[in-house]
Amino acid sequence: MSRLIKQEDIPVSLWRKDDETLVLPHSLVKCWKSILNQRNLLKSATEEIGDGETGGIDEEATHKHYSFRYNGSCARFQLTFLDPKDDLKEVSNAFVKSLAGNDVFIADIPSGTGAASLSLLSNIAQLREENILPKLPLKVKILAGEISKTAIQIFQESFDEINPYLKHYFIEVELKFEEWNVREADSTSQLIKEITLFSQNSTDKILLLANFTGFLEQDKKWKEVQDKFEEIFRHFSGKSTIAIWLEPQLNIVINQFWPRTVNWFKSTFKYLMGAKETIKIETSNAKFEHGLRNETQRTSVAVVKFNIERV
């Protein structure tokens with residue numbers, strides 16, 4: 001499969017090939033620093049060391065995750081989008097094809113503080129800035145589903161900060177939020193209703209899921225929420241639709257989460273094109289510049305692309 005963004009075309013401002021290190025987009029780092037400063041978190045985020053924060057509903061948990069894990073989440077999506085080590089061609093191409101210049105809808109669930117959507121958009125803008133991608137008009141609608149009110153606020157603040165830069169490179173974004181609790185049937189039905197209404201005029205649709213491992217595997221909630229995922233996938237399926245699901249490259253993800261999830265998809269959605277295809281679990285890892293401190297950290301991804309077009 002030929003790459004839509006060739007390795008040799010990735011600029012050094014996003015990927016240092018000599019030491020295999022990702023560099024977060026300058027607009028994303030600037031935005032992160034600004035929001036941290038506005039919330040009086042910049043000093044602790046710069047000087048202190050995180051302790052495996054996983055986020056949560058309340059403000060304190062959200063602030064800790066945003067301070068110490070946001071850059072790693074952004075790097076994970078950048079690694080997936082750019083695929084600088086040539087590990088993730090299928091998923092990377094799917095992202096690039098939909099987002100290089102079109103009218104696209106993204107359901108970002110759970111969105112957290114916006115690492116997924118903002119990382120993708122800021123990478124596209126910087127590739128346009130450096131004349132790697134054409135500056136074609138790109139209209140993006142994002143529906144962010146998230147349970148934490150604080151995370152929604154930070155996502156909105158971050159978007160307002162970065163949006164002028166996106167507009168400068170002909171990326172027009174309409175962002176909406178839906179408070180979503182995956183454990184509640186009514187909440188999931190309302191999310192689906194909003195997705196359907198908001199996406200009806202978009203030519204390409206991406207269901208973007210990430211970081212469910214802790215909740216579904218470690219907290220053993222899969223059986224409780226399986227029907228909610230079935231409802232989301234069923235209603236999202238259609239023409240020019242894909243689902244991309246990212247998780248950290250952990251043993252529990254590779255050995256338990258993905259085998260079960262792939263089997264679930266194939267047995268549940270036999271009427272979708274993806275159920276008849278070989279579903280690949282693609283993995284990669286890389287160093288990334290911290291963004292606040294003069295150091296590097298590591299990120300990893302185990303990602304699957306589900307083709308949810310109807311036969």
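A: Strands β6 and β7 run parallel and are joined by six bridges. Two strands are said to pair if DSSP finds at least two bridges between them. The element names come from DSSP runs, numbered from the N terminus: helices are H or I runs of at least four residues, and strands are E runs of at least two. Please keep in mind that this is a predicted model, in which local features need pLDDT of at least 70 and side-chain atom pairs count only at pLDDT 80 or more, while totals for chains, interfaces and linings use all residues. Residues are numbered from 1 along each chain as its sequence is written, and side-chain values use heavy atoms, with hydrogens and water left out.

Strand β6 has another partner to look at. Strand β3, residues 103-109, pairs with β6 in the parallel sense over six bridges. Within this pairing, V104 stands opposite D204 of β6.

Now look at the side chains. In a regular strand they alternate between the two faces of the sheet. In β6, D204, I206, L208 and A210 point one way, whereas K205, L207 and L209 point the other way. Strand β6 is mostly covered, with seven of its seven residues buried. Here buried means under 20% relative accessible area, exposed means over 50%, and partly exposed lies in between (1.4 Å probe, protein chains only).

Next comes the loop that lies between β6 and α9 (213-218), where you will find F212. The ring of F212 pairs with the ring of W180: their centres are 6.4 Å apart and their planes are at 80°, so the pair is edge-to-face. The rule is that rings of Phe, Tyr and Trp (its six-membered ring) pair if their centres lie within 6.5 Å, with planes under 30 degrees apart called stacked, over 60 edge-to-face and the rest tilted. W180 sits in the loop between β5 (171-179) and α8 (185-199), so its pairing with F212 ties together parts that are 32 residues apart in sequence. W180 counts as buried at 4% relative accessibility, and F212 does too at 5%. By the ring rule the model has 26 aromatic pairs. Among them are Y165 and Y169, with centres 5.4 Å apart and planes at 70°, so this pair is edge-to-face. Y165 is buried with a relative accessible area of 16%, and Y169 with 12%.

Strands β6 and β7 also meet an open space, the second largest pocket. Along with α5 (89-99) and β9 (296-307), they are the elements that give two or more residues to its lining. This pocket holds about 340 Å³ of space. On a 1 Å grid over the protein atoms alone, a pocket is an open set of points with protein on both sides within 12 Å along at least five of seven lines, a cavity is a set where a 1.4 Å probe fits but cannot get out, and lining residues have an atom within 4 Å of a point. Grid points are joined across faces, edges and corners, and a volume is the space filled by probe spheres set on the points.

The second largest pocket has 15 lining residues, and those nearest its centre are A94, K97, S98, I242 and K305. Helix α5 gives the most to this lining, with five residues. Sorted by class, the lining has four nonpolar, five polar and six charged residues. In this sorting, Ala, Val, Leu, Ile, Met, Phe, Trp, Tyr, Cys and Pro are nonpolar, Asp, Glu, Lys and Arg are charged, and the others, Gly among them, are polar.

Helix α5 and strand β9 turn up again at the largest cavity, where each supplies at least two lining residues. The model has one cavity of 30 Å³ or more, and the largest cavity has a volume of about 30 Å³. It is lined by E90, V91, K280, E282, V303, V304 and K305. Strand β9 makes the largest share of that lining, three residues. By class, the cavity lining has three nonpolar, no polar and four charged residues.
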